[in-house]
Amino acid sequence: MAGEPGTPRPGTAGGAWVPPVVLKTLITVVVGTVAYVVTNLINQSEDELWKLAMSVVIGGAALIVQYMVDFEKRLGSVESGQRNQTRVLGDQFIQLSEAAALLNELDQAGMSTGDARRLIKSASQVGLQGPDIVKAFARAEIESLASVVTDLTGMTAHWQRDNNEWLIRLTGCAQRTIDATSSSVDRPFWDTDPAGHYLDAQIEAMRDPGVHIRRLFMINADEESDPNFMNKFTTLCQDQLDLGIKVRFMVLSPHRHTRAAARDIVIFDDALYLEFEPDRQQSYLQTRLDADARRVDVQVRRFNDLWESAAEPAPRPEPSTRPPVR
């Protein structure tokens, strides 16, 4: 191949490189000399001046032809380069047009184009600067976000465990109402740190823009008959009432204590709901976000029916006192 070691370059003789100008000059001299000899052989009667002029003309023509051929090659190379550059610019223009169209669609849909730009810019910076594990984590987060948003085009999304981030974020997005059921499966949640963050988000939502929150606790019949449990449960209800949350409870009869009754549902603005469904052992939860209007309407009507038949919690239990020692 040209350019490999030991391979003569164009315009070389026996491996020695000859400059293109010198090569063209040599060719011109050779052509002129041959023309002079041929002219001398064809017509020996003419004078030497005419023969010399003829050879110069032919040699000059040969030189011009060489430059024309070389010019045509260079012109073809320039045209090819321009075509490649035009194709590259065209591809880049199409990509920019697609990006601009996507941003315009985001803006028309009421989404934040600034956040989209920030995500793209930050992802590119992580890709250029971050270590491999940070890049891998960023890719995983972007893929997760893309998967959730893609699922939401069908008005539903799933998470294979409990997702308190969705719960808190949706609480901050609510504008009018939050209606929630809390079953026995959900009871340990109220003693965890995420429950404090969730209540803080609810307090903020009730303050601005004034969201109305209702919580319906569901307890079992055997729990209702346990005084110790009811004291703790009543305290839990009164703590949330003090925050401004409307609270009621319902005692599930044995035939109503089904797996469906154990599902905790949080309805936001009567427009979408989060459903926390336990597995068969009621130890692990999976989260489902659903915004299908028909299914949301079913959940809203079900909650309102349960709320109407639920009971108000008892007053806060009085602290126990010991009789005075005599």
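1. Cys237 is buried, with a relative accessible area of 0%, where buried stands for under 20% relative accessible area, exposed for over 50% and partly exposed for the range in between, computed with a 1.4 Å probe on protein chains only. The residue lies in helix 8 (residues 227-243); helices are DSSP runs of H or I with at least four residues, strands are runs of E with at least two, and both are numbered from the N terminus. Not counting residues up to four places away in sequence, Cys237 touches Phe217, Val247 and Pro313, a contact being heavy atoms within 4.5 Å. From C-alpha to C-alpha, Cys237 and Val247 are 6.4 Å apart in space, and they are 10 residues apart in sequence.

2. On provenance, this is a predicted model in which local features need pLDDT of at least 70 and side-chain atom pairs count only at pLDDT 80 or more, whereas totals for chains, interfaces and linings use all residues. Residues are numbered from 1 along each chain as its sequence is written, and side-chain values use heavy atoms, with hydrogens and water left out.

3. Arg187 sits in the loop between strand 4 (177-182) and helix 6, and it counts as buried because its relative accessibility is 14%. With its neighbours within four places in sequence set aside, Arg187 is in contact with Ser182, Met218, Ile219, Glu223, Phe229 and Leu236.

4. The axes of helix 5 (residues 164-173) and helix 6 (residues 193-207) come within 9 Å and cross at roughly 15 degrees; these axes are lines fitted to C-alpha atoms over the stretch in contact, with angles running from 0 to 180 degrees between N-to-C directions. Helix 5 is therefore roughly parallel to helix 6, a label for angles under 35 degrees, while over 145 is roughly antiparallel, 65 to 115 roughly perpendicular and the rest oblique. Helix 5 contributes Asn164, Leu167, Ile168 and Thr171 to the contact, and helix 6 contributes Pro194, His197, Tyr198, Ala201, Gln202 and Ala205.

5. Strand 7 (residues 264-268) pairs with strand 8 in the antiparallel sense over 5 bridges, pairing being assigned if DSSP finds at least two bridges between two strands. Phe268 has Leu272 of strand 8 as its bridge partner. The hairpin of these strands has 3 residues between them, and Asp269 in this hairpin takes a positive phi near 55 degrees. Strand 8 (residues 272-278) is largely enclosed by the rest of the structure, because 6 of its 7 residues are buried.
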